[in-house]
Every structure is written in structure tokens, then in C-alpha cells.
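Reader: I'm new to this one. Can you walk me through it?

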Amino acid sequence: MSQAVVSPSPSPSPSPSPSPVRIGRLSIGALGILALALGTLQTVVDPALPLLQRELGVSSGEGALVSNAVLITGAAIAPVAGKLGDRYGGKRVLVRLMAVVSAGGLLAGLAPNLPVLLLGQVLQGAMVGALPLSFILVRKHLPAGESQLGMGLVMALFTGGGMVGTLTAGPIAEGLSWHWMFALPTIVIIAMTLVVARLMPHDPPIESEYRFDWPGVVLLSGTLLAFMLGLVRVTGDDGLPPLAVGALAVAVAALATGWVVVERRAASPMVDLRMLAKPAMWHACMLTIVITTSFGMVSFLLPQLFGVEGDGYGFGAGTTDIGLFLLPGAIAGAVSDSVGGITAWRFGLRAVVIVGAVVTAATMVALVSLHSAEWQLVLAKALAAMAAGTGTTALLTSAAGAVETKDTGIATSVLVVTRVIGIALGVQIAAAILDAGADPKTGLPAESAFVTGLAVAGVVAALSLLVVRITKKEAQA
């Protein structure tokens with residue numbers, strides 16, 4: 001197995017890098033501010049969604065599409081970015097990816113109508129790939145004992161950006177215009193990308209005798225795009241006829257099958273299917289999809305309930321007030337993301353997931369009958385964010401630790417994509433429930449539609465307990 005240990009080679013192999021350069025404080029600071037700005041850009045839409053729907057004249061379903069445009073692109077980009085980062089270096093790919101995000105942010109900031117705004121959101125979706133690329137940099141430039149904490153910190157900073165976006169979207173949109181919600185964080189992203197490009201140590205690419213698996217990239221991206229677009233269309237305002245739904249399902253299945261066939265035959269596959277077969281990986285994927293679907297529903301329903309003003313329900317809150325109401329939840333999410341890995345190490349991954357499922361399900365059950373005061377919704381969002389953040393970060397760090405360092409980018413990107421798909425699924429399900437329960441005269445969702453959505457979110461959260469039980473039995477078998 002050892003090849004010509006003492007023979008000279010024209011190009012020394014960089015794989016076992018002698019001593020990786022440690023990330024300095026300025027590099028960490030720049031990466032952190034970049035993560036904050038990205039999180040801000042991703043979440044400014046949430047509190048401003050009712051305002052955007054009014055100004056652009058769109059329905060709840062079309063509003064959900066504005067939110068999900070980022071997630072649709074992110075689902076397709078994240079695994080590609082992770083694999084490219086593993087192969088060619090996280091820093092190199094991160095800088096190029098941020099150029100795409102910056103273009104999308106500027107386009108959204110100048111958007112005169114819904115189609116242009118959607119195009120900007122699609123380009124911004126490339127930001128989801130920044131997470132696995134950041135994980136690559138953290139794991140390569142930090143000692144093994146600090147890598148879990150570092151990955152949790154990256155997630156916390158990204159989520160912390162969500163807190164900033166939630167808090168500032170309203171004042172910016174109402175004081176200037178909604179266009180500046182996108183423009184201001186984009187300016188910060190451009191500045192921090194330049195700083196990261198200059199200060200972040202280079203992580204050397206991995207030389208390989210095999211070509212990059214572009215067929216695998218195309219098929220996986222096509223599968224994810226077809227699935228996400230199909231999900232949006234099926235749950236949209238007009239829906240799709242049964243024949244079209246069937247055709248979409250066949251297309252997704254055909255693309256997925258083709259991808260598996262290509263990956264099994266590839267000399268250097270984009271995703272090593274043996275890695276996906278590891279219990280730590282696919283158990284984490286199953287639990288992540290359930291947890292984030294429930295949380296996606298909560299994240300969409302509560303701002304809508306804050307903003308609507310119906311007969312005896314809703315609060316008619318403005319964008320700034322909605323941002324303030326969602327702020328405690330954003331703080332809870334940032335804190336839980338930062339401690340998710342440590343909590344799983346201290347108490348066990350299974351315990352973290354079980355507690356999170358129980359807390360979320362119980363919170364949604366209580367909210368079904370208790371949603372007449374703002375504090376009830378604020379507390380519910382904080383509890384749901386804490387449970388989801390702790391659980392998904394614990395699953396991500398545990399899965400990352402179960403694979404080899406060279407597979408960090410693709411492994412974590414698979415979990416990031418699973419998280420994105422779950423949130424998008426939850427948002428679209430919640431939007432479909434509200435649209436189905438809308439008053440034909442006013443177009444406003446009825447109170448019963450919100451109650452149904454909250455109850456469904458609680459049931460989905462409780463499914464985590466079933467998944468934990470199934471995976472436990474398989475582990476014992």
C-alpha cells in the first residue's frame with residue numbers, strides 16, 4: 001500500500017499537510033462578520049413578508065416562494081460547494097461563492113417587481129454553501145478538540161445574523177424602503193469577503209489522479225432542484241393536476257436513480273455512498289428533516305399571525321414590531337446553535353433530540369388554544385428555536401465527527417441541505433394550510449387555519465420520537 005516512500009516526486013503531495021496554519025483572530029473576526037451578514041441577508045424577508053406581500057400584491061403562497069427561493073438554490077448549491085471545497089480548498093471556493101451572493105443581494109436591492117426579486121433571491125441562495133465551506137476551514141485550521149466548538153460557533157454566528165436581520169428589517173424597510181433590507185447586508189458581505197480573501201490562510205487543495213465527478217454534480221443538483229421546485233409548485237396557490245404531480249415524481253425518481261448509478265461507478269464520486277450508509281449520517285438526516293419541517297412551519301405561521309388582523313385573532317403588527325416579537329426566538333436559536341455540539345457530548349445525542357421533540361410538540365399543543373396574547377407567540381417561537389437549534393447542530397457535529405477530515409465539506413453539506421429541505425417543506429406546508437383556510441372575501445387566513453397549522457407542526461415534531469425509537473432498535477440489532 002505504501003508507494004515509493006523515498007523516491008523523489010516533481011510535485012509534493014499536500015494531503016498530509018505538516019502543520020496547518022492556525023486561524024488568527026482577525027481571520028476569525030472577518031469570517032464571523034461574514035457569517036453574521038449572510039444570516040442577516042437570509043432572514044430579512046421573514047419579518048417583512050407581510051409588507052412585501054402588500055407592496056408587491058402577492059398571496060401567502062407567493063410570499064412563501066420569496067422565502068423559499070433562497071432555500072431552493074441553497075439545496076442544489078450546498079453539496080456542490082462542499083465537494084468543491086474538499087477538493088480545491090475552502091477559501092478559494094468561498095470567495096467565488098460570495099461573488100454570486102453579492103450579485104443576488106444587489107439585484108434584490110434594486111428589484112422593481114416580484115420576478116426580479118425572485119431572481120435576486122435565487123442568486124442569494126448560494127450563501128447556504130458558505131456553511132460547509134466554513135466548516136472545512138474551521139476543521140483544517142483548528143485542533144481536533146476545538147473543531148466541534150468551532151463548527152457550533154459558525155452556526156451560531158450565522159443564526160446570530162438571523163437575529164440581526166429580524167431586528168433591523170422593520171426599521172430599514174419602514175424608514176428607508178424594503179430594497180435597503182437587501183442592499184445593506186450585501187455591502188457588508190462584499191467588504192468582509194475582501195478581508196477574508198486577504199487574511200484567511202489558504203487551505204491546500206487535495207490532489208487526485210481522478211477527474212472531478214461533474215456527472216454526479218449535475219445529477220444531484222438536478223434532483224434537488226426538481227424536488228424543491230416541485231414542492232413549491234405542488235403546495236402553491238394553484239397546485240398541480242395529478243398527472244403533473246406524477247410526472248414530477250417520476251422525474252425526481254429518475255434523476256435520483258441516475259445519480260446513484262453514476263456515483264456507484266465513479267472512480268472518485270462526488271458523494272461516497274458508503275459514507276451516507278454510516279448510521280451516524282443517515283440517522284442524522286432522518287431526524288434533521290423531521291425537526292426542521294416542524295420548525296419551518298412555526299417560522300412561517302407566527303409572523304403571519306402577528307401581522308394578520310382578523311375577527312378576534314391576530315395582532316395587525318407592523319414589520320418593526322414583528323421583528324421585535326421574533327427577536328427572542330432568534331437569540332434562542334443563536335445560543336442553541338452554539339451549544340448544540342457540546343450539549344450532545346455532555347448529555348448524549350438521543351437525549352437532546354428527545355427533549356427537543358417533547359418541548360416543541362408540547363409548545364404547539366399549548367399554542368393551539370393559547371394564542372391571544374403576543375407573549376404567548378414570542379415564548380413559543382423561542383422554545384421552538386431553542387429545541388430545533390440544539391437538535392440540528394448536535395446532529396451535524398456528531399455526523400461530521402463520524403467521517404474523515406477530507407469528507408468534512410460534503411458530509412456537512414448533506415446535513416445542511418437536509419436542513420434546508422426540511423425548512424422549505426415546513427414553510428410550504430404552512431403556506432398551503434393558510435391558503436386553503438383563507439376567507440374568499442378578504443383573502444385573510446381564518447383562525448382555524450392557524451390552529452390547524454400549529455397542530456400539524458406539533459404532530460411533525462412528535463415524529464422525532466418515533467424516529468429515535470426506530471434508530472435505537474436498529475443500533476441494538
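Author: What follows is a short chat about this predicted model. Residues are numbered from 1 along each chain as its sequence is written. In this predicted model, local features need pLDDT of at least 70, side-chain atom pairs count only at pLDDT 80 or more, and totals for chains, interfaces and linings use all residues, while side-chain values use heavy atoms, leaving out hydrogens and water.

Reader: What is the mean pLDDT of the chain?

Author: The mean is 76. Here pLDDT is the predictor's confidence in each residue, from 0 to 100. Of the residues, 78% reach 70 or more. Over residues 1-20 the pLDDT is below 50. That stretch has seven contacts (heavy atoms within 4.5 Å) beyond near neighbours in sequence.

Reader: How many helices and strands are there?

Author: The chain has 17 helices and zero strands. These are DSSP runs, numbered from the N terminus: helices are H or I, at least four residues, and strands are E, at least two.

Reader: What share of the chain is buried?

Author: 53% of the 477 residues. Buried means under 20% relative accessible area, exposed over 50%, partly exposed in between, with a 1.4 Å probe and protein chains only.

Reader: And Ala254, where is that found?

Author: In helix H10, residues 242-265. Ala254 counts as partly exposed because its relative accessibility is 48%. Its C-alpha atom is 8.5 Å from that of Thr223, 31 residues apart along the chain.

Reader: New topic. Which residues have the most contacts inside the largest nonpolar core?

Author: Leu38, Leu94, Met98, Trp178, Met181 and Phe182, in a core of 109 residues. Such a core is a set of buried Ala, Val, Leu, Ile, Met, Phe, Trp, Tyr and Cys residues joined through side-chain atoms within 4.5 Å. Helix H16 (residues 408-436) gives the most, 14 residues.

Reader: What does Met181 touch?

Author: Leaving aside neighbours within four places in sequence, Met181 is in contact with Val44, Ala48, Ala169, Ile172 and Ala173.

Reader: How many cavities of 30 Å³ or more are there?

Author: Three. On a 1 Å grid over the protein atoms alone, a cavity is a set of points where a 1.4 Å probe fits but cannot get out; lining residues have an atom within 4 Å of a point.

Reader: What lines the largest cavity?

Author: 39 residues; closest to its centre are Gln42, Thr43, Asp46, Phe295 and Ile423. H7 gives the largest share of the lining, six residues.

Methods. On a 1 Å grid over the protein atoms alone, a cavity is a set of points where a 1.4 Å probe fits but cannot get out, and a pocket is an open set with protein on both sides within 12 Å along at least five of seven lines; lining residues have an atom within 4 Å of a point. Grid points are joined across faces, edges and corners, and a volume is the space filled by probe spheres set on the points.
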